[in-house]
Structure formats: structure tokens, C-alpha cells
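Have the model open while you read.

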Amino acid sequence: MRVAPVALIALLIGLTVVALATVVGLVRWWPDRAEVAKIQGSMQYAAPGVTYVDADVTRVQPRCAQALDAQPTCGQLEVTLTDGPEKGSKQLVGIAPEVAASGLKPGDSVKLIRTPAQAGQKAAYAWQDVHRGTPLWVLALLFAVAVVAVARLRGLMALVSLAIAGAIIGWWLLPSLLSGHPPLLATVAASMAIMLLILPLTHGPNARTGAALGGTVVGVLVTAVTAWLAVDATRMSGVIDDGGSILSSSVAGLSLHGVLMAAIVIAGLGALNDVTITQASAVWELHETDPAMSPWRLFDRAMRIGRDHVASTIYTLAFAYVGTGLTVLLALGLYDRPLLSLLGTEDLAEEIVRSLVGGLGLVLAMPATTALSVWLVRGSSLTSTAGRRRAH
């Protein structure tokens, strides 16, 4: 499809500026891997001599009637060690009631903590976790097969894009944050890099993808600015769980206040990408259906589609955050406090801010993408109309 040359040139210039700024940001906040390694080396997760060993479950005792009961006939696993100094021996390991309720059965592979023998006593073993590698790999394989079977080449490219996004976050963003770089700015740079790479790879390097990229840039910037204002206005600390406490005490100079802003931006990327790609496609399809449609009418009809999509996406974001924080909601529900008072606690207020800020970014990205898409196809529309008039 032919697009308006002026609009296309302006879009390319804008995306080039964004790409250059992204490269500058990636270089400016490049991870200090020596500093990260230093932090990792200073972390002490267990006492000296403590190791981790694997074992297979051979018998599961019934749950104890009460969590604090210590009976030799309940609340324990009988396991056979599969590595370590006592490999092949059987051990009894106590487990919490919630672990017993998870459905452990003979044959399951588990991880144990081994404390070496001291003062003539035998080595002691304690519960750590379950090996979940096999079911996770099977689930990932089923997901990949389903995606490729339904979406074919585009689905395969989506999986490759997902791997690229994961690599940027894991290899660049996380070490960058641990290096003490500004969390929000570093996250915006990483987000732009992800979008600039994966959108053309998944949907093709064309004007339609360019329009979606332009709208995505607007959405990311709106989300980042709003996250900064909202988190600052609500005076959130960013420390609501053990992970935050560990980071605050172990990584000097890391602003958890900023990490929370960064998390809001990352959390909204998927839904933002969904809205902008769909909206750009809607404009293109409407234009192909009726090339003579005026720009304003094209914009209006595309916005009708966008409103429905945005409304459903808002529900998606809200439900996703509720699902993520369901345990917190249940725990807070035990307290006899007014609902509005509970909503003001940092545990719930953080999820509310995530939902509202992420929603605002995608709501504003939708008309921006629509307008940019209409601008791109407008030249083609006018040319087609003029041609029809000459023919008559």
C-alpha cells in the first residue's frame, strides 16, 4: 500500500531519533559487571559449609493436625539422597503443612539443605524446594508448539522476539539497575530497545509497524512520566516483600522507589504493544476496504474499534494485577478495617498505581497510533479520490 511520503519521512526521522537516544541510553547506563559481581560475592545465603543436595521422595507422611505439631508420624518426607556425601541413604525431612498440601508424591525430585556434621553429630537435612524443571519445560514446549501451529511464521517470530526481550532484561537491564544506574531512565532505554527490535521482527519492517512503534513510544513515555509522578505523590517506598528488604540492605545506592517506577513501565509493555499493533492494523484494513474514505472518517471508525479494544485491555490489566496480588488481598481481608483504609496500604496502593498508570499509557497510545496511521495512509486516500474524479 502506498503511504504519504511526507508522513513516512517524518515517521522515519522520529524513529531514528528514538533509536539514537536509545543507543545513547544503553551505552550511558551500561552495566558495571565488576560491581555486580562484587555484590553477588558479598551475599551470604547460608552458613559456611552448608550445601544443597538432590533427593527423590520415597514416602509422604500425612499432614500434621496443627502446623506446630512435631510428631514422628506426620509432616515429614522420607527421601533417598541422589547426590552428596550420603548419596543413596534415606532421610526424614520435615515439611510445612502448605508444602504437604501441594501434592507431593513418591518419585518427585526435591532439593534439600545439608548442614555438615558438627560435634560428633550426623549431617542434618532440611527442606528447600521441589525440582520443577521437567514440568516447566514440557509446558513451555506445549506453548511454543501451539503458538507456531496457530500463528505459523509470525508465531515463531513472536517466540524469538520474546527471547530477545528476555535477554535484554536479564543481560542488560537487571545488571544495570544493580550497578546503581537510575532505574526509570534505564528501564525506558531497555523498553525502547525491546520495542524497536521485536516489533519489526514479529510484524515486519513496514509502515504499519512503524505507526505502531510511534504509538508505542508515546505510550512508554506517558507511562514513565506518570509512574514518576504517581509513585512520588503517593510516597511509596517500593519495599513490600522480602525481596525489597534484601535489595535495600544489600545493594547500596539502589533506589527501590525508582525500581517500582521501572516495574510499572515494564508491566505495561505487553498490553501497550497489543493495542498499538491492533490499532495500526485496523486503520490499514479500513483503508483497504474503502480507499476513498476521508481521513477524518477513517480516524473516527478506527477509534470506534480502538475504544472497544482499550476497554477490554483495561479489564485485562486490572484482573492480571488482582491475580498477582490475590494472596495479599486475602491476607489484608483478615483485618477488620474499612475498605478505603485497606486500599491506602502500600501493598494494595502499589497494585492500584500499576493498573492506573499502565492503563493511562495505553489509553493515550491508542489515539496517537490511530492518528499516525491515518496520516500515513492519507496520501494514498487522496490520490485514489483524485484519480476517480479524473476518470469521471
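A polar contact here is a pair of N or O atoms within 3.5 Å; within protein, one must be able to donate a hydrogen and the other to accept it. Keep in mind that this is a predicted model.

With that in hand, take R114, which sits in strand β4 (residues 109-115). Is R114 buried or exposed? It counts as buried, because its relative accessibility is 11% and the cut-off for buried is under 20%.

| Side-chain pair | Distance |
|---|---|
| R114 and E86 | 3.0 Å |
| R114 and Y125 | 3.3 Å |

Leaving aside residues up to four places away in sequence, R114 touches G49, V50, T51 and V53, then P85 and E86, and also A123, A124 and Y125. So E86 and Y125, the partners in the table, turn up in that contact list too.

Now for helix α8, which covers residues 256-267, 12 residues in total. From first C-alpha to last, α8 reaches 16 Å, close to the 16 Å expected at 1.5 Å a residue. Which residues of α8 are buried? They are L256, G258, L260, M261, A262, I264 and V265.

Zooming out, the protein has 13 helices and five strands. Of its 392 residues, 39% are buried. If you take the contacts with a separation of 6 or more, 69% come from residues 24 or more positions apart. As for the surface, the protein exposes about 21,600 Å², with carbon and sulfur atoms supplying 65% of it.

Key
Residues numbered from 1 in each chain as written. Predicted model: local features only at pLDDT ≥ 70, side-chain atom pairs only at ≥ 80, totals over all residues. Heavy atoms only, no water. Helix = DSSP H or I, 4+ residues; strand = E, 2+ residues; numbered from the N terminus. Expected span 1.5 Å × (residues − 1). Buried < 20%, exposed > 50% of the residue type's maximum accessible area, 1.4 Å probe, protein only. Contact = heavy atoms within 4.5 Å. Areas by Shrake-Rupley, 256 points an atom, 1.4 Å probe, with all protein chains shown as cover.
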